[in-house]
Amino acid sequence: MTTTPRQMHLGLFLQGAGHHVSGWRHPRAEAGSENFDLLRRVTQMAEDAKFDMVFLADGLTSAVDAHPSMIARFEPLTLLSALAMVTSRIGLAATSSTTYGEPYHTARAFASLDHLSGGRAAWNVVTTSYARTANNFSKEHPAHDERYAVAEEFVDVVCGLWDSWDDDAFVKDKARGIYADPAKVRVLDHVGRYFRAKGPLNIPRSPQGHPILIQAGSSGPGQDLAARRADVVFTAQQTIEEAQKFYASLRQRVAGFGRDPSTVAVMPGILPVIGRTLEEASAKLIELDHWTDIASAMPLLEERLGHSLAPYDLDGPLPDLPLSDQLRSRAELLTELARRENLTIRQLALRVAAGRGHHMIVGTATDVADRMQAWFEGGAADGFNVMPPFFPDGLSDFVREVVPLLQERGLFRTDYEGATLRDHLGLARPEPEQRASAG
Ligand SMILES: Cc1cc2nc3c(=O)[nH]c(=O)nc-3n(C[C@H](O)[C@H](O)[C@H](O)COP(=O)(O)O)c2cc1C
């Protein structure tokens, strides 16, 4: 039983060219998804501010008209392995796809990162929404619900492989000549609908037992996967009411799987634009927006809606579109936003270009802290994924001005209490899932 009051969790959502589509054009922006020095500095800045984790999104395609942060970027596990060497406490979360991967590779890669970082690895489990991804692989893109059926089995296999060895299996007994104790190996022997993996995994059980599991899809099947398996859930909601609804629904599903809802942290994205006054913050956003041309904003909106908007008037309302097979929950959230605020297609596209449908907070540091507190205390969030519009200033403004306010209010830690990401999240280390040993 802990007596510490509940505190929020903070993640840095790290994208080299910033989150605002035009962030990289700001005179003070240092853009570059392949600029390791910048990525190192901002990760260390987040660690100095005691963030729970740094998070890398990922996709398996590129296009010249994509968001600048997504045209080119490091492979996440490779980048996090390098960042693990220049940090000591901050969690390291990488996205990896269950549609275009193999459980054995994924289990091994994340267990390796967990060892290399001393227990700081997290896997953002994604099913990969975009059908064009299949152009880069020797397979067809499965439909939405099948992608989640694959993901369910994939995650089970990965967790099973992480339990291949008892924690004390590698005895390295020089006198008896025993390196690994044969009685402490657990063979998975998985043969399922989509995957086969005999095991054992070729790496010892990792410091966290299981690296942290993050899930970021909010459709029904997405929430079920999160409820059954995730430690952290990333979301994108525009209003506190939507966020409260999602939060309550997810917690109910978590309880439905026999798990304690307080062991799953829900973290919506927030894009803060901070000024000394509201006017200054608004002017900052206007400045960023004026670099965005509609031609670069439209593909981002169309991608999220899963439909071309070419036949429609940009200055007219968003038409009723059929359910998308891509990012289903995001398409729904954006459609609700357009209806609620009576936005034209052009206005909606510019909104997506700024924050891709995440919640934007424009105001003073106090405004940002107040909003975060209201969501945190109002049953809408357990923490936030912070999305600076550009780097490094977007992050340095936040850590210099907002984090101290959250700390003064007792809402955020002033120092790390433990060494692993599991410790930061207040989660127990899991026992190996029960299975007959191979010995
Ligand atoms: C904060 C956040 C980060 C995400 N990161 C990725 C990512 O890196 N790669 C990816 O393919 N999808 C990513 N997604 C998309 C989700 O995995 C999911 O496909 C999308 O939210 C639609 O979910 P649904 O199909 O369950 O509605 C992210 C979603 C959120 C909210």
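User: Leaving aside its neighbours within four places in sequence, which residues is Arg228 in contact with?
Analyst: This is a predicted model, so everything here is computed. In it, Arg228 is in contact with Glu152, Asp156, Phe257 and Arg259, once neighbours within four places in sequence are set aside.

User: Where does Arg228 lie?
Analyst: Arg228 lies in helix α6, which covers residues 220–229. Arg228 is partly exposed, at 26% relative accessible area.

User: What does the side chain of Arg228 do with Glu152?
Analyst: The two side chains make a polar contact, at 2.6 Å.

User: And how far apart are Arg228 and Val254?
Analyst: In sequence, 26 residues. In space, 6.4 Å from C-alpha to C-alpha.

User: New topic: strands. How many residues of β4 are buried?
Analyst: Six of the six, so strand β4 (residues 121–126) is largely enclosed by the rest of the structure.

User: Which residues point which way from β4?
Analyst: Ala121, Trp123 and Val125 point one way. Ala122, Asn124 and Val126 point the other way. All of them are buried.

User: Why do they alternate like that?
Analyst: That is how a regular strand works: side chains alternate between the two faces of the sheet.

User: How many bridges join β3 to β4?
Analyst: Six bridges join them, and the two strands run parallel. Strand β3 spans residues 91–97. As one example of the pairing, Thr95 stands opposite Asn124 in β4.

User: Trp123 is in β4. Which residues does Thr106 contact, leaving aside its neighbours within four places in sequence?
Analyst: Trp123 is one of them. Thr106 itself is found in helix α4, residues 103–117.

User: Is Thr106 buried or exposed?
Analyst: Buried, at 5% relative accessibility.

User: Which other residue has a positive phi near 55°?
Analyst: Asn342, which is also a residue other than glycine. Asn342 lies in the loop between α10 and α11.

User: Buried or exposed, that Asn342?
Analyst: Exposed, at 68% relative accessibility.

User: So what about the helices beside that loop? At what angle do α10 and α11 pack?
Analyst: About 130°, with axes 11 Å apart. Helix α10 covers residues 328–341, and α11 covers 345–355. The two are therefore oblique to each other. Their crossing is right-handed.

User: Which residues of α10 and α11 meet?
Analyst: From α10, Leu334, Leu337, Ala338 and Glu341. From α11, Leu348, Arg351 and Val352.

User: And how does α9 pack with α11?
Analyst: Helix α9 (residues 294–305) and α11 pack at about 85°, with axes 8 Å apart. That makes α9 roughly perpendicular to α11. The contact includes Ile294, Ala297 and Met298 of α9, and Ile345, Arg346 and Leu348 of α11.

User: Back to strands. Which residues sit on each side of β11?
Analyst: Gly383 and Asn385 are on one side, and Phe384 and Val386 on the other. All four are buried, so both faces of β11 (residues 383–386) are covered.

User: In what sense do β1 and β11 pair?
Analyst: Parallel, over four bridges. Leu10 stands opposite Phe384 in β11. Strand β9 (residues 265–274) pairs with β11 in the parallel sense too, over two bridges. There, Asn385 is the bridge partner of Gly269.

User: What kind of peptide bond joins Phe391 and Pro392?
Analyst: A cis one, with omega about -5°. Pro392 lies in the loop between β11 and α13 (393–408). The bond from Gly199 to Pro200 is cis as well, with omega near 0°. Pro200 has its place in the loop between β6 (196–197) and β7 (212–215).

User: Last one: where is Thr364 found?
Analyst: In the loop between β10 (359–363) and α12 (365–377). Thr364 is buried, with a relative accessible area of 18%. Not counting residues up to four places away in sequence, Thr364 touches Ile274, Gly275, Arg276, Thr277 and Leu278.

How values were computed
Residues are numbered from 1 along each chain as its sequence is written. This is a predicted model: local features need pLDDT of at least 70, side-chain atom pairs count only at pLDDT 80 or more; totals for chains, interfaces and linings use all residues. Side-chain values use heavy atoms; hydrogens and water are left out. Buried means under 20% relative accessible area, exposed over 50%, partly exposed in between (1.4 Å probe, protein chains only). Two strands pair if DSSP finds at least two bridges between them. Contact means heavy atoms within 4.5 Å. A polar contact is a pair of N or O atoms within 3.5 Å; within protein, one must be able to donate a hydrogen and the other to accept it, and residues adjacent in sequence count only if both atoms are side-chain atoms. Axes are lines fitted to C-alpha atoms, for helices over the stretch in contact, and angles run from 0 to 180 degrees between N-to-C directions. Angles under 35 degrees count as roughly parallel, over 145 as roughly antiparallel, 65 to 115 as roughly perpendicular and the rest as oblique. A crossing is left-handed if the near helix is turned anticlockwise from the far one by less than a right angle, and right-handed if clockwise.
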